[in-house]
Amino acid sequence: MTPTEFATKLHLFAIRHHVRDVILLAGRLLLSLIFLHEGVTLATHFDGAAKAMAALGVGLPLFVATIALQLGAGLSVATGLLTRLGAIGLGLFCLATATLFHTNFASQNELLHFEKDLAIAGGMFVLAIAGAGAISLDRLVAGTLRQRRRDKEMVAALLAAENQMSLGDVRLPV
């Protein structure tokens with residue numbers, strides 16, 4: 001697919017949906033990509049990564065929790081399922097990473113990683129406030145739950161009407 005074809009498809013998709021929701025989807029995917037990639041990389045190179053983390057003072061339980069957070073919260077943000085929770089978790093993770101591992105500001109590389117982590121944390125906190133948008137599993141689940149609640153209310157009303165009729169309490173208008 002050429003860039004022009006991609007742009008045309010994206011434009012048609014945006015027209016059918018609110019532009020805001022398409023932008024939220026793109027933002028969620030871009031923000032989650034770094035965490036999903038890093039989580040998969042750490043998991044597939046587990047032994048070497050665990051040794052490297054141990055050298056930095058990160059024990060095995062925290063290393064496994066890091067992989068789980070990156071994959072779980074990364075998928076949460078990407079799919080739009082429990083987006084706010086995933087975004088808060090990843091935002092806090094970025095703040096912790098910046099302050100624990102990237103404070104040697106004499107190194108230009110460390111300063112860049114510190115600033116990058118702060119910027120990603122800021123994006124995650126904005127996402128936590130904005131929510132996932134309409135193109136998300138959060139929206140789908142919320143709609144399903146609303147429909148189930150309406151169905152339960154309807155069943156309860158029908159059962160109440162049936163009970164009244166069976167008790168002979170039905171009064172016909174005169």
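This is a predicted model: local features need pLDDT of at least 70, side-chain atom pairs count only at pLDDT 80 or more; totals for chains, interfaces and linings use all residues.
On a 1 Å grid over the protein atoms alone, a pocket is an open set of points where a 1.4 Å probe fits, with protein on both sides within 12 Å along at least five of seven lines.

Residues are numbered from 1 along each chain as its sequence is written, and side-chain values use heavy atoms, with hydrogens and water left out.

**The largest pocket**

- The lining of the largest pocket has 25 residues (a lining residue has an atom within 4 Å of a point).
- Nearest the centre of this pocket lie Met53, Gln70, Phe93, Thr97 and Phe101.
- The lining divides into 16 nonpolar, five polar and four charged residues. Here Ala, Val, Leu, Ile, Met, Phe, Trp, Tyr, Cys and Pro count as nonpolar, Asp, Glu, Lys and Arg as charged, and the others, Gly among them, as polar.
- H2, H4, H5 and H6 each supply at least two residues of the lining. Helices are DSSP runs (H or I, at least four residues), numbered from the N terminus.

- Gln70 lies in helix H4.
- Gln70 is buried, with a relative accessible area of 5%. Buried means under 20% relative accessible area, exposed over 50%, and partly exposed in between (1.4 Å probe, protein chains only).
- Leaving aside neighbours within four places in sequence, Gln70 is in contact (heavy atoms within 4.5 Å) with Phe35, Leu36, Glu38, Gly39, Leu42, Leu90 and Phe93.
- Met53 sits in helix H3, residues 46–55. Met53 is partly exposed, at 22% relative accessible area.
- Met53 is in contact with Val58 and Phe63, with neighbours within four places in sequence left aside.
- Met53 and Phe63 are 10 residues apart along the chain, and their C-alpha atoms are separated by 7.1 Å.

**Nonpolar cores**

- A nonpolar core is a set of buried Ala, Val, Leu, Ile, Met, Phe, Trp, Tyr and Cys residues joined through side-chain atoms within 4.5 Å.
- The largest core has 13 residues, and Phe35, Val77, Ala87, Leu90 and Met124 have the most contacts inside it.
- Helices H2 (19–44), H4 (60–79), H5 (83–101) and H6 (108–130) each supply at least two residues of this core. H6 gives the most, with five residues.
- Val77 is in contact with Arg28, Ser32, Thr83, Gly86, Ala87, Leu90, Met124 and Leu127, leaving aside neighbours within four places in sequence.
- A second, separate core has six residues, including Leu42, Ala49, Val58 and Ile67.
- In soluble globular proteins, nonpolar side chains tend to be buried together.

**Aromatic pairs**

- The whole structure holds three aromatic pairs. Rings of Phe, Tyr and Trp (its six-membered ring) pair if their centres lie within 6.5 Å; planes under 30 degrees apart count as stacked, over 60 as edge-to-face and the rest as tilted.
- Phe35 and Phe93 form an edge-to-face pair, 6.4 Å centre to centre with 70 degrees between the planes.
- Phe35 lies in helix H2 and Phe93 in helix H5, so this pair ties together parts that are 58 residues apart in sequence. Phe35 is buried, at 4% relative accessibility.
- Phe105 and Phe114 have ring centres 4.9 Å apart and planes at 70 degrees, so they too are edge-to-face.
- Phe105 is partly exposed at 42% relative accessibility, while Phe114 is buried at 17%.

- Ala121 is in helix H6. Ala121 is buried, with a relative accessible area of 1%.
- Ala121 touches Gly91, Cys94 and Leu95, not counting residues up to four places away in sequence.
- Ser136 is in the loop between H6 and helix H7 (137–166). Ser136 is buried, at 11% relative accessible area.
- Ser136 touches Arg28, Thr79 and Gly80, not counting residues up to four places away in sequence.
- Leu82 is in the loop between H4 and H5. Leu82 is exposed, at 55% relative accessibility.
- Leu82 has a positive phi of about 55 degrees, although it is not a glycine. Most residues other than glycine have a negative phi.
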